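Student: Could we go through this structure together, one question at a time?

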Amino acid sequence: MVFSSLTFLYGFLTLVLVFSFLLPKRARWQNLLLLLVSLFFYGWGEPVYVGIMLLSILIDYSHGLLVERCRADDRKARWFVGQSVVFNLLLLGFFKYWDFLAENLSLLPGISLPKLGLPLPLGISFFTFQTMSYTIDVYRRDAPAQRNPVDFGAFVTLFPQLIAGPIVKYKTVAQDLQARVMTSKDFAEGACRFTIGLAKKVLLANPAGELWQSCRTAQAMGTLTVTGGWMGLFAFGLQLYFDFSGYSDMAIGLGRIFGFHFGENFDHPYCAQSVGEFWRRWHMSLTSWFREYLYFPLGGSRRGTWKTLRNLVIVWFCTGLWHGASWNFILWGLCFAFWLILERFLLQGLLERTPSLIKRVYTILAVFLGWGLFAIEDLGICGQYLRVCFGGGGLWSAADGFRLRSYAALLVLLVLGATPLALQVWGRLPERARRVLTPVLMLLGLTLSTAYLVDGSYNPFLYFRF
């Protein structure tokens, strides 16, 4: 069940809000409701994996208590943290990476491993990272162990961010779980944020995805040109941004409605002036997670140049692998490791002297070329596509002109929407004008999104596959 579906909007969410309104506003009752409806939400698509979710909750809940109980004996505490981490990694590895390992190891002489073909549990990359960081935070004394299994289960299964994040660390919501106040102001602001995300996803990301698919079809037919290739890369990059940031907006908005305050996940990343800055603005919860739980424990940049290089390569190898069990994701991660190393050790002085416009163009080209590797899992087909972009085909075709005419208005909205311009204009309006316009724009966004969903059939969530 995706957020941008009529079933979710006018069925599931409506009923959950009604039940939430009828129940006492005390956190323990609201947490019980969230646990039950979140398990239903998760089981809607894959009921067989609800048991896996419950097992994950049980393991990490019990290990959090064990870690706290053994704080006086650091060796035992580390042992229980290790058990929790190993369990989560094995769970993620078995479902997400077994077939990839089996396929590649079976290429070696004398090794033959079966591919199981198991469907990937929704959101497993997100909720395993959340539960894994919980026991680590308890060990570090950054958060108290949660003694109420319902509250802990609500944290793990919280449906607003269960499937595609943002990755929420327990220590950031521990207080909200224990005692939160659900106010009318939070509800209004959360509903507004949700509607913005819905409009970004449905009205911007989906049409951009249709343009990307048109360019992929041209490649399959052998008619892709240089112009069409770059048009497709930019369409995919913008689709991915509005798809994922739209989902994050909806998740943050839903969380706010129920009294939770999730951190931001995007900060206009396409306005960045370096690849490093781009990753400080894109999927910030994942970047923060890898920095806090992998990069810093490895030593970060404190142990000399070669260990810094090693740590960057390890982190970005893991970042690529986290996104998918395929060589294209690993290469995509390593490409960004290359750019970050290049910027840190060779280009830093040059970038400081370079005009802002040139730095933005450089960053956009590096990132969007990376999206080509990210989008096309078959490395042979990916290579062919990128080869066309660099002159391996015609420069222009009539089909490119048709696409540009058909999507011109959308492309303008996508480019403007990826900048802070709309927020800046909104911020300059008088307070009274904002109060009047907010419900009007919310109703318009909801109406147009609903009309698109009723009439359209293309409605993927790209990050659901991770």
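Tutor: This is a predicted model, in which local features need pLDDT of at least 70, side-chain atom pairs count only at pLDDT 80 or more, and totals for chains, interfaces and linings use all residues. Residues are numbered from 1 along each chain as its sequence is written, and side-chain values use heavy atoms, with hydrogens and water left out.

Student: Is R141 buried or exposed?

Tutor: R141 sits in the loop between α5 (124–139) and α6 (149–157), where helices are DSSP runs of H or I with at least four residues, numbered from the N terminus. Its phi is near 65°, a positive value in a residue other than glycine. Buried means under 20% relative accessible area, exposed over 50%, and partly exposed in between, with a 1.4 Å probe and protein chains only. Because the relative accessible area of R141 is 56%, R141 is exposed.

Student: And H283, is that residue buried or exposed?

Tutor: H283 belongs to the loop between α11 (275–281) and α12, and its phi, near 45°, is likewise a positive value in a residue other than glycine. Since its relative accessibility is 1%, H283 counts as buried.

Student: Which residue has its backbone oxygen 2.7 Å from a polar atom of the side chain of T447?

Tutor: T447 is found in helix α19, which covers residues 431–455, and with a relative accessible area of 44% T447 is partly exposed. The backbone oxygen that lies 2.7 Å from a polar atom of the T447 side chain belongs to L443.

How values were computed. Helix = DSSP H or I, 4+ residues; strand = E, 2+ residues; numbered from the N terminus. Polar contact = N/O pair within 3.5 Å; in protein donor to acceptor, adjacent residues only side chain to side chain.
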